[in-house]
Amino acid sequence: EGSIRGRVIDEEGRPLAGMQVRTSCDGDERELRTGADGRYSRPAGSADRCTAEARDPAGNRIARDRRMGNQVPDPGSWGSLGDVNPRGSAIDIGDRQMFLPVEVAGRLVDSRTGAGIEDLYVRVQDGNGPVDGGLTRADGRFGPVRQWPGRYHLTVRAEQTDGNEADYGIYSAEPASQGHLLAPGARLDVGTVRIDRSGRSIGTI
């Protein structure tokens, strides 16, 4: 009889207990919890296709989901563990990691007045592309913007809400080979960055 199994681990390869795992085998859905060893399993019968996804019931960790590309999901959301075709066989999906996201925040101010700039859309980028952020608030603060753990050469790109990026741009002055080390669970505040309305970058991260 077919079955599927797998293991959920953290960034260091340690098993994660108590993670919710939602499985579906030809429409037969079952919810499981990982054990102390991080493992989960269920029978699959003669099912042609089985899927498994996981989430952290505490809302802290996230699973990287290839369907979402580089996008960082909200903590507590479901992330894919695998999509397999057991067809009467025992399938080991293998190890899948769940991460503590890092968070990036900061403040954008007018270079002339020092006042916070409201309603600029800020994205935090790494070498793989942009990660969506959000609008600056009345005091110019943005974030926290979630990102995957790792070492990044950060760029903060601010744009007007009409999509015009020409007026504001803030770029990191660090070489790409260095950058910020964003460890799991890190909180990075880039501080106050001054920008002007001519398109020139005054502040750097």
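Me: Before we start, which cut-offs separate buried from exposed here?
Reply: Buried means under 20% relative accessible area, exposed over 50%, and partly exposed in between, using a 1.4 Å probe and protein chains only. This is a predicted model, where local features need pLDDT of at least 70, side-chain atom pairs count only at pLDDT 80 or more, and totals for chains, interfaces and linings use all residues. Residues are numbered from 1 along each chain as its sequence is written, and side-chain values use heavy atoms, leaving out hydrogens and water.

Me: Thanks! Why is Asp26 called exposed?
Reply: Its relative accessible area is 53%, and the cut-off is over 50%, so Asp26 counts as exposed.

Me: Is Leu32 buried or exposed, and how do you know?
Reply: Happy to show you: Leu32 has 19% relative accessibility and the limit is under 20%, so Leu32 is buried.

Me: What does Leu32 touch beyond its neighbours within four places in sequence?
Reply: With contact meaning heavy atoms within 4.5 Å, the partners of Leu32 include Met19, Val21 and Tyr40. Leu32 and Met19 are 13 residues apart in sequence and 8.2 Å apart in space, C-alpha to C-alpha.

Me: Which peptide bond is cis?
Reply: The one from Gly143 to Pro144, with omega near 5 degrees.
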